[in-house]
Amino acid sequence: MTNASTALQSPPAQPSDGLGTPAEQLVQAFLDRGFSHFTGVPCSLLKGVFRVLEGDGAAQGRDLSYLPAPREDSALGVASGLAAAGARPVVLMQNSGLGYSLNVLTSLNLIYDLHVPLIVSWRGHDGNDAVEHDVIGRELTNLLDVFGLRHTVFDPEQPYASVDRCLAKAEDGRYTPVLIVKEGI
């Protein structure tokens, strides 16, 4: 039905280094590739991204819509509806919220080819986080692999290239791309 591949047809020129924070560049990279709707649940590792989304996008020349969500599965449901209606949404979530989202992913998105990009924070990846993040942090990439969710680790030095690598993993429209953010941006 919808996929991330059309975002790669004619990628815009990469901005020169130093034009905005990694969070601003990440949002702009998705906007430049035709994504305009963002929804999700805040996470401290993604606070810069949420700050950009909650700001006055129109005043910055950005055509974006941000819809806060109470839970990650709700965000995915909203994004799925937007995608089915022809919009290009992106979902942001903490890796612990991925668990809430697995039912929506497996019973809606994956079987009906509603592949919306996910930006997932990687809490607990290094074992130095709150204890509730230890298991999901240790097993995040394995969990994504089990469900066929193709993932890319975000490089804050190359936000545009990170987004391109992520979206390229879903180029054929049959996979949900996941951009993993390990460190706070």
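This is a predicted model: local features need pLDDT of at least 70, side-chain atom pairs count only at pLDDT 80 or more; totals for chains, interfaces and linings use all residues.

Reply: Residues are numbered from 1 along each chain as its sequence is written, and side-chain values use heavy atoms, with hydrogens and water left out.

Me: Why is Arg123 called buried?

Reply: Buried means under 20% relative accessible area, exposed over 50%, and partly exposed in between, with a 1.4 Å probe and protein chains only. Arg123 has a relative accessible area of 14%, and is therefore buried. Arg123 sits in the loop between strand E4 (118-121) and helix H5 (134-146), where helices (H or I, at least four residues) and strands (E, at least two) are DSSP runs numbered from the N terminus. Leaving aside neighbours within four places in sequence, the contacts of Arg123 (heavy atoms within 4.5 Å) include Cys43, Gln94, Asp129 and His133.

Me: What makes strand E3 largely enclosed by the rest of the structure?

Reply: Six of the six residues of E3 (residues 89-94) are buried, so the strand is largely enclosed. In a regular strand the side chains alternate between the two faces of the sheet. Here Pro89, Val91 and Met93 are buried on one side of E3, and Val90, Leu92 and Gln94 are buried on the other.

Me: How do you know that E3 pairs with E4?

Reply: Two strands pair if DSSP finds at least two bridges between them, and four bridges join E3 to E4, which run parallel. The chain crosses from E3 through H4 to E4 in a right-handed β-α-β crossover, a term used if, with the strands pointing away from the viewer, the path from the first strand over the helix to the second runs clockwise. Four bridges also join strand E1 (residues 37-40) to E3, again in parallel, with Phe38 opposite Val90.

Me: What makes helix H6 largely enclosed by the rest of the structure?

Reply: Seven of the ten residues of H6 (residues 159-168) are buried, so the helix is largely enclosed. Among these buried residues are Tyr160, Val163 and Leu167, and the cover over the buried residues of H6 includes helix H1 (22-32), strand E5 (150-153) and strand E6 (177-181).
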